[in-house]
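Hi,

Here is the structure I promised to send over. Have a look at it first, and my notes on what turned up follow below.

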Amino acid sequence: MNRDEIIKVLKNPNAEKTKEIFSLADAVRKKSVGDEVHLRAIIEISNYCKESCLYCGLNKNNKNLKRYRLSEEEIFSTALKAFNFGFQTIVIQSGEDPLIKTEFIENVVKRIKDNLDVAITLSLGERNLDDYKRWKDAGSDRILLKFETSDLYLYNQLRGKNEKVHKRVEMLKELRTIGYEIGSGIMVGTPFQSYESLVDDLFLMKELDLDMIAIGPYIPHKDTPLNDKLNSIVVKDPEATTLILVALSRILNPFANIPSTTALSVIDPKEGRINGLKCGANVIMPDLTPEPYKSLYEIYDGKTSSPEWNEISQENLLRSLKMAGRIPSSSKGSRIKKIYPLQ
Ligand code: 5AD
C-alpha cells in the first residue's frame, strides 16, 4: 500500500479492508516472530516530572497528583517478584525526574543484573548521552523513548516546546550507536493530529528501523490542558485507528517487537490486549508497580484502576494467551535480526 491508500483506509476503514490488513499482519507476525509473546514487567519508579506535556497527567503543573519515588529496595523487590512470575524483561519507567541520580539507576541496574537473569529496558525520558552510556555499561539492554509524533509542529504544540529539530528522534539514533536496542512510538488521536501525520509516523518508525514499536491511543486526562481541546480531535476512532496502525507496522517491520499497549487494554479491559495480539503485536507489558504507588502513576484517566499485579492477574493473562493460540516466550525477546521474507 502506498501513502494515499493508507490515508484512505485510516480515514474510512471498511470492515472488509481492515479484515484483510489484520489477517496479513497476523500471517506476517506468525511467519517472522512466531506465536511467542514476550512478557515485560513495567516498574514505574517515580511520577515526578519536570516537563509540562499538555496530554499527560504527570505533567509538573498537575498539583492534584501526589508524587512518589521508589527506593532501590522497593525496585529490586518488585523486579524479583516479576522474575518469580516468569517475566524476563524488566522495564524501569518514570516521569522525567531530574532528581533520579545517574548513580542511582546505575546501582539499580547492576543489582538486578547481578541477581536476576533478565533484560532491562530503561524508559526514563530524555537524559544526556553520558548517563545513557553509564547505564549501558551497568548492564541495561534497551531504551524506550517515544517520539509521540513525527510532526514537529504538533510535537512542540503538545509538549509545550519550541524545538527546531526533533530531539527525541536524534536521541534514538545516538542511543543505537552506543549499543542499545531502541524502542519508540506514538500516540494516536491527540487533538490537532491529522491522518496524514500518522502515515508519516509509520514511515519514520520504519526508517528508524526500530527494535520495538509502541502505538497507543490517546486517552484524555481530566487534569491536563489538552482536556479542553477535545473538540479539536480529528481521528474519529483512536482505538480502531491504533489497531490498523499496529497491523501496518507489523507488515512494514516483520521482525520488530510490537506491544499490545496498556492504553488499548484500558479502553477495552476485556479484549483490548488480545485485539492487539490478533493484528500483529507480540509483546505484552503489564504494570507490576506496587501499591500505593501504582494508583499514583496516572498518565491518563482510567490507567490506574486495575488492582496490583498478583497470581490471579498472571493466571488470567496466561489463560487469555492460550485462548488466543499464543504461548509465553521462552526467551528474553530481543529483536530478531533477519531479512523478510524468510528463505
Ligand atoms: N494518553 C495516552 N498515552 C499517553 N501518554 C502520556 N499521556 C497519555 C495520554 N493522555 C504516553 C505517551 C508518553 C508516555 C509517558 O505515556 O506516549 O510517552
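A quick definition before the notes: a nonpolar core here is a set of buried Ala, Val, Leu, Ile, Met, Phe, Trp, Tyr and Cys residues joined through side-chain atoms within 4.5 Å. Bear in mind too that this is a predicted model.

On that definition, the largest nonpolar core has 88 residues. Ile45, Ile92, Ile112 and Leu122 are the ones with the most contacts inside it. Take Ile112: setting aside neighbours within four places in sequence, it is in contact with Ile75, Phe76, Ala79, Ile92, Val118 and Ile120. Another core, of seven residues, lies apart from the largest one and includes Ile42, Val91, Leu144 and Met212.

Now the ligand, which sits in the largest cavity. Around it you'll find Tyr55, Cys56, Lys146, Glu148, Met187, Pro217, Tyr218, Ile219, Ile299 and Tyr300. With Lys146, a polar side-chain atom is 3.5 Å from a ligand oxygen, and for Glu148 a polar side-chain atom is 2.4 Å from a ligand oxygen. On its own the ligand has 400 Å² of accessible area, and the protein covers 84% of that.

Cheers

Terms used:
Residues numbered from 1 in each chain as written. Predicted model: local features only at pLDDT ≥ 70, side-chain atom pairs only at ≥ 80, totals over all residues. Heavy atoms only, no water. Buried < 20%, exposed > 50% of the residue type's maximum accessible area, 1.4 Å probe, protein only. Contact = heavy atoms within 4.5 Å. Near = heavy atom within 4 Å. Polar contact = N/O pair within 3.5 Å; in protein donor to acceptor, adjacent residues only side chain to side chain. Areas by Shrake-Rupley, 256 points an atom, 1.4 Å probe, with all protein chains shown as cover. 1 Å grid on protein atoms, 1.4 Å probe; cavity = no way out; pocket = protein on both sides within 12 Å on 5 of 7 lines; lining within 4 Å. Sits in = over half its atoms within 2 Å of the grid points.
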